[in-house]
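Me: Hi! I'd like to talk through a structure with you, if you have a few minutes. Here it comes.

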Amino acid sequence: MFIDTAKIYIKAGNGGNGCTSFYTEKYVNNGGPDGGNGGVGGRVGFRAVANKNTLADFKYAKHFRAENGENGKSRYSAGKKGKDLIIDVPVGTVVRDEETGGIIADMFTEGTVVIAAEGGRGGKGNAFFRNSRRQAPHFSQAGEQTEEHSVLLELKTIADVGLIGYPNVGKSTILSVISSARPKIANYHFTTLSPNLGMVSVYDESFSVADIPGLIDGAAEGAGLGHDFLRHIERTRLLVHVIDGSGSEGRDPVEDYKSICRELENYNAELINKPQIVVLNKADLITDFSVVDKIASCSGKRPILMSAVIHSGVEELIKTIYAVLSELPPPQPMEYEPFVYEKPDKESFDIVKNDDGEYEVFGGLIDELARNVVLDSYDSMQYFQRQIRERGIDKALRKAGVKTGDTVRMLDVEFEYVE
Ligand SMILES: Nc1nc2c(ncn2[C@@H]2O[C@H](COP(=O)(O)OP(=O)(O)OP(=O)(O)O)[C@@H](O)[C@H]2O)c(=O)[nH]1
Ligand SMILES: [Mg+2]
């Protein structure tokens, strides 16, 4: 099965913890704090590669976690940074945040790397917290924990030309005669089950052509295979609309032309505004050539008459595509405001008075403070209290009406307030 959409989970590495340690050596008493900082966590990113053209890799592999930063060690030794995890995706993959639908990246150009999630910062070791008043800090900072995000991948093939039309009209046969691609060709509907890509050389240049499964009435609403594949022609610059000019299978070429145009328009009005070349294929079987004029009058342009099987009109088709493409602007990546994962809020806090008359302080800042200091020593408690003053929590408590003797609680810490 052709897989062109996938949902995966990404998580950047946590930061390594800072280390609490004191220098020890024979004959040296009370060495100073020498705990090193934790390393930063690895990042998760995406790289556009040309040697893949489906998202099949992501059918079973769903969880992508970058390495955590290493913890700091004694002797001022900093933890190693976590290794980045770069995920290879085919060129043309659009990466979105599932929750908001925001576009993280359009992997449009081969070799581009986009970082989707930054690693957690490493915690400071106790050596960092030493100052003139605090010679021997017994605490260090924990590394930053990162969150997991779910991400949607969607492949929107990038090709210059999209071949469209009813099933069995000869789209794949045309691709096989204009390029070196060897798609499956057979005399039944829906021979092509997933897009085929071919490169066509002309003069000293080349252009790429995508052949997609045949469209049928109602394709835009999901009938047949068409709907799932129309996304693969969204980014083409030019459509080649192939019609069975002989009307074999009892079809009416004019009706076919009109209904395929309707399907394109129903799917996305932009598709019908794309430049189109109309091709009447199976010319070797045509008996009534009035079809050429009929198509010309309803499409507003002269169709190219060709037979892919006996190779007539092939040269004309290639040259016409080339001429039209050279007048068109190069393919463009999507226009979007890149979505960036916000780091959790670490500044705000709230105070509420609970039923027992106690005050609870909570929020990102409190979580952060509690995570940053291990409240296991007189030292770290003092540090914590100073932060409460410096970060304005003290002031906010007074404003909330806290008086001496009231109980204030922050996560696991409970204390009696003293003005
Ligand atoms: N007589 C004649 N037969 C053709 C011509 N082009 C293609 N065919 C035949 O038409 C049948 C369908 O060709 P495909 O290329 O598989 O058609 P398709 O449009 O890709 O079909 P789907 O993939 O099912 O949408 C095959 O039997 C081809 O040999 C042509 O110019 N003349
Ligand atoms: Mg086909």
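This is a predicted model: local features need pLDDT of at least 70, side-chain atom pairs count only at pLDDT 80 or more; totals for chains, interfaces and linings use all residues.

Me: Good. With that numbering, what follows H8, and what is its phi like?

Reply: Gly392 comes after H8, and the phi of Gly392 is positive, near 85°.

Me: And H8 itself, how many residues does it have and how far does it reach?

Reply: H8 covers residues 378–390, which is 13 residues. From first C-alpha to last it reaches 18 Å, close to the 18 Å expected at 1.5 Å a residue.

Me: Which residues of H8 are buried?

Reply: Ser380, Tyr383 and Ile388 are buried in H8. Looking down the axis of H8, the buried residues fall within an arc of 145°, so they line one face of the helix.

Me: What do they pack against, and what's on the other side?

Reply: The buried residues of H8 pack against helix H9, residues 393–399. On the other side of H8 you'll find Tyr378, Arg386 and Arg389, which are exposed.

Me: Nice. Let's zoom out: what does the secondary structure of the chain come to?

Reply: Nine helices and 18 strands. The radius of gyration of the chain is 32 Å, while the globule rule gives 22 Å for 419 residues; 32 Å is well over that, so the chain is more spread out than a compact globule.

Me: What does the C-alpha trace span along its principal axes?

Reply: About 100 × 55 × 35 Å.

Me: And how many of the residues are buried, as a percentage?

Reply: Buried residues make up 41% of the 419 in the chain. On contacts, taking those between residues at least 6 apart in sequence, 69% join residues at least 24 apart.

Me: Switching to ligand 1. How many residues surround it, and which are the closest?

Reply: 23 residues surround ligand 1, and the closest are Gly170, Ser172, Asn187, Thr192 and Gly214.

Me: Where does the largest share of that shell come from?

Reply: From helix H1, residues 171–178, which gives three residues to the shell around ligand 1. By class, that shell has nine nonpolar, eleven polar and three charged residues.

Me: Is Lys282 buried or exposed?

Reply: Lys282 is buried, because 24 other C-beta atoms lie within 10 Å and the cut-off for buried is 20 or more. Tyr76 has 17 within 10 Å, so Tyr76 is partly exposed.

Me: Last one: where is Asp345, and how many C-beta atoms does it have around it?

Reply: Asp345 lies in the loop between helix H6 (314–327) and strand E15 (350–353). Asp345 has 12 other C-beta atoms within 10 Å, so Asp345 is exposed. The C-alpha atoms of Asp345 and Gln387 are separated by 17 Å, and the two residues are 42 apart along the chain.

Methods:
Residues are numbered from 1 along each chain as its sequence is written. Chains are lettered from A and ligands numbered from 1 in the order in which they are written. Helices (H or I, at least four residues) and strands (E, at least two) are DSSP runs, numbered from the N terminus. The expected span of a helix is 1.5 Å times one less than its number of residues. The arc is that of the directions from the helix axis to the C-beta atoms. Two residues are in contact if their C-beta atoms, placed from the backbone, lie within 7 Å. A residue is near a molecule or strand if its C-beta atom, placed from the backbone, lies within 6 Å of it. Ala, Val, Leu, Ile, Met, Phe, Trp, Tyr, Cys and Pro count as nonpolar, Asp, Glu, Lys and Arg as charged, and the others, Gly among them, as polar. The radius of gyration is taken over C-alpha atoms; the globule rule is 2.2 Å times the number of residues to the power 0.38.
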